[in-house]
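Colleague: I am new to this structure and would like to go through it slowly, asking at each step what a term rests on. Could we look at it together?

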Amino acid sequence: QPSVVTVLADTAVRAMDVDEAAAEQAMEDARKMIANQSSEIDYSSAAAQLAEAAAQLRAIRQFKQKKGL
């Protein structure tokens, strides 16, 4: 059916429900954790946090652009 979209995901967040400032802060925190080699962090966890924050910001910006905000 061409008018039906099926999304298989563990979680979903609507762009309008994402806090842009919090996503930007999470992205900055993840970048700092990755850059700080002396800290005892799990690199894969920080990279996942960075990817999630980037995806949230991308969704927010696309939503705003689509709505003309």
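Colleague: What makes E24 and R61 a salt bridge?

Modeller: This is a predicted model, and in it the closest N and O atoms of E24 and R61 are 3.5 Å apart. A salt bridge asks for a side-chain nitrogen of Lys or Arg within 4 Å of a carboxyl oxygen of Asp or Glu, so the pair E24 and R61 qualifies.

Colleague: How many salt bridges does a search of the whole structure find?

Modeller: Such a search finds two salt bridges. One of them joins E20 and K64, whose closest N and O atoms are 2.5 Å apart, and that value is likewise set against the limit of 4 Å. This pair, too, links distant parts of the chain, since E20 is in helix 1 and K64 in helix 2, 44 residues apart.

Colleague: Why is E20 called partly exposed?

Modeller: Buried means under 20% relative accessible area and exposed means over 50%, with partly exposed in between; E20 has 22% relative accessibility, and therefore counts as partly exposed. By that rule K64 is partly exposed at 32%, E24 is partly exposed at 38%, and R61 is partly exposed at 46%.

Colleague: Why does R14 count as exposed?

Modeller: R14, which is found in the segment before helix 1, has a relative accessibility of 57%, and because the limit for exposed is over 50%, R14 counts as exposed.

Colleague: How do you know that the buried residues of helix 1 line one face of the helix?

Modeller: The buried residues of helix 1 are A23, M27, A30 and I34. Seen down the axis of helix 1, these buried residues fall within an arc of 65°, so they line one face of the helix. Helix 2, residues 43-67, is included in what covers them, while the face turned away from the buried side carries the exposed residues A21, K32 and A35.

Colleague: What makes D19 a cap for the N-terminal end of helix 1?

Modeller: A side-chain oxygen of D19 lies 3.3 Å from the backbone nitrogen of A21. A polar contact is a pair of N or O atoms within 3.5 Å, so the distance between D19 and A21 falls inside that limit, and D19 caps the N-terminal end of helix 1.

Note on methods:
Residues numbered from 1 in each chain as written. Predicted model: local features only at pLDDT ≥ 70, side-chain atom pairs only at ≥ 80, totals over all residues. Heavy atoms only, no water. Buried < 20%, exposed > 50% of the residue type's maximum accessible area, 1.4 Å probe, protein only. Helix = DSSP H or I, 4+ residues; strand = E, 2+ residues; numbered from the N terminus. Arc of directions from axis to C-beta. Contact = heavy atoms within 4.5 Å. Polar contact = N/O pair within 3.5 Å; in protein donor to acceptor, adjacent residues only side chain to side chain.
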